[in-house]
Amino acid sequence: MNKNIIALAVAAGFAAPMAANAAPTLYGQLQMEFTDQEVCVAGTCASANVVDDKKRGRLGIKGSEDLGNGLSAIYKFEWQVDTGAADIDDGDREAFVGLKGDWGTFQAGALKSPYKYTGGVKYDPFVATYLEARSRGGMSGKVTDLGGNAKGTFGHHGFMTDTISYSNKFDKVSFWIATSLDEAGGAKGADGDLSASIKYSGKSFEVFVATASDDLVGGTVADDYSATKFGGQWKSGAHKLSAQLENTEYGFGGGGSGEADVLFVGYQFKMGKNVFAASYGNTDWDAVPIETDYLALGIIHKYSKKTRIFGGMSTSETDIAGVALEDNTLSVGMRVDF
């Protein structure tokens with residue numbers, strides 16, 4: 001089935017003749033990464049070599065049609081790709097139809113979360129590698145619903161399904177809101193969830209605030225979740241400094257609640273085709289309690305806008321009620337966009 005889907009996508013991308021404004025664009029990203037990872041629990045360590053098993057790549061088709069009077073129809077579908085295994089999933093990323101005009105952009109389908117893509121993963125130079133901050137103490141990660149499904153509305157993983165969104169920009173202020181209308185419930189946001197952000201962009205800086213909430217009730221895992229974060233980015237010459245602070249709150253079906261503060265600070269220095277990057281994060285979770293410190297150092301060499309190699313190290317140290325966990329990673333990789 002996957003081969004048929006890809007064949008159709010390729011055919012659509014090169015089919016002719018077609019109206020110029022309706023022809024779809026085929027695009028993608030292939031990535032290979034080789035990682036030496038050491039995990040220690042209470043002083044007992046185990047090492048493993050890991051090769052690109054996170055489906056970092058992607059393949060998609062997108063396009064638009066001019067409807068006249070400044071209005072366009074837009075669409076997109078994107079698959080996950082595991083380059084090392086030559087494997088592709090039936091979606092699990094973005095898929096939407098929408099309208100775009102002077103009044104803003106409307107989308108419906110499986111969508112990006114304003115919480116995830118305002119600041120968030122846009123600030124992490126190591127995102128979609130083993131050095132990334134999310135889920136390792138530098139940025140909030142997945143939150144699960146009662147069935148163990150990862151809810152992409154929250155944290156910095158995944159996408160919102162069965163969702164509508166509206167976004168617009170008024171001079172230097174950008175506004176973005178997305179909500180899942182299907183209150184029957186399901187994975188990745190399909191139960192009345194809400195995510196929104198507002199951002200102000202200046203010449204050399206930006207600041208933002210973003211929020212997410214989930215109204216699912218009952219159960220034993222996190223069933224009532226809300227998150228708020230604020231942050232910004234400053235650029236000057238070869239320097240770029242990014243920071244954000246998250247506050248997350250959640251309840252449990254069996255009673256009780258929890259709260260976590262998550263700090264991320266990143267610095268990048270550009271020298272020619274090289275970007276030297278450092279990231280720090282801290283997560284302070286009051287439920288157990290748990291505290292995690294995250295640090296990553298690395299370099300990204302960009303041969304062109306579409307081809308890069310990268311490498312670096314990261315460490316994530318966690319204290320869970322006096323029990324020490326440590327995750328140390330050395331990683332190198334290559335990425336090609338098309």
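Guide: Welcome! This is a predicted model, and the structure holds one disulfide.

Visitor: What makes Cys40 and Cys45 a disulfide?

Guide: Their sulfur atoms lie 2.0 Å apart. A disulfide needs a pair of cysteine sulfur atoms within 2.5 Å, so Cys40 and Cys45 qualify.

Visitor: Why is the disulfide of Cys40 and Cys45 called right-handed?

Guide: Because the torsion about the S-S bond is about 105°.

Visitor: Why is Cys40 called buried?

Guide: Its relative accessibility is 7%. Buried means under 20%, so Cys40 belongs there.

Visitor: And what makes Cys45 count as partly exposed?

Guide: Cys45 has 42% relative accessibility. Buried is under 20% and exposed is over 50%, so Cys45 falls in between and is partly exposed.

Visitor: Let's move on to Ala296. How do you know that Ala296 is buried?

Guide: The relative accessible area of Ala296 is 0%. That is under 20%, so Ala296 is buried. Its place is in strand β15, which covers residues 290-302.

Visitor: Which residues does Ala296 touch, leaving aside those up to four places away in sequence?

Guide: Ala296 touches Phe126, Leu131, Ala277, Ala278, Ser279, Met313 and Ser314. Each is called a contact because heavy atoms come within 4.5 Å.

Visitor: How much of the protein counts as buried?

Guide: Of its 338 residues, 42% count as buried. The secondary structure comes to two helices and 17 strands.

Methods:
Residues numbered from 1 in each chain as written. Predicted model: local features only at pLDDT ≥ 70, side-chain atom pairs only at ≥ 80, totals over all residues. Heavy atoms only, no water. Helix = DSSP H or I, 4+ residues; strand = E, 2+ residues; numbered from the N terminus. Buried < 20%, exposed > 50% of the residue type's maximum accessible area, 1.4 Å probe, protein only.
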